[in-house]
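The model is shown below.

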Amino acid sequence: MALLKSNKLPPATTLRQILKRCSSLGRKETISDLPVDVPKGHFAVYVGEKRRRFIVPISFLTHPEFQSLLQLAEEEFGFDHEMGLTIPCEEVVFCALTSALL
């Protein structure tokens, strides 16, 4: 069994980390490691067993329902990994939640 490292940061710090790693805010044309298909003001998340990629608006970060998903992601995976922000829930649940937030 792998030990999970608890990284309990204040919510504002956690949100800044998410934005820094996953968003296109402040993207410069010369930065080649950011995905070009993520519009400004959005970020990518990976959901479900197959890690399907979704592009969601940064405004979702202010919704308590989405923050609950972020907490689950932190508990399950942490935020220090290469793939990007992974949300541990089924795709249909994620789609239902995000469509309700729009």
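Is Cys89 buried or exposed? Cys89 is buried, at 15% relative accessibility; buried means under 20% relative accessible area, exposed over 50%, and partly exposed in between, with a 1.4 Å probe and protein chains only.

## Basis of the values

This is a predicted model, in which local features need pLDDT of at least 70 and side-chain atom pairs count only at pLDDT 80 or more, while totals for chains, interfaces and linings use all residues. Residues are numbered from 1 along each chain as its sequence is written, and side-chain values use heavy atoms, with hydrogens and water left out.

## Cysteines

The structure contains 0 disulfides, a disulfide being a pair of cysteine sulfur atoms within 2.5 Å. The closest cysteine sulfur to that of Cys89 belongs to Cys95 and lies 8.7 Å away, which is too far for a bond. Cys95 is likewise in no disulfide, and its nearest cysteine sulfur is that of Cys89. Cys95 is partly exposed, at 30% relative accessibility.

## Salt bridge

A search of the whole structure gives 1 salt bridge, defined as a side-chain nitrogen of Lys or Arg within 4 Å of a carboxyl oxygen of Asp or Glu. Arg52 and Glu91 form a salt bridge through their side chains, with an N to O distance of 3.2 Å. Arg52 is in strand β2 (residues 52-57) and Glu91 in helix α3 (residues 91-101), so the pair ties together parts 39 residues apart in sequence. Helices (H or I, at least four residues) and strands (E, at least two) are DSSP runs, numbered from the N terminus.

Arg52 is partly exposed at 44% relative accessibility, and Glu91 is also partly exposed, with a relative accessible area of 23%.
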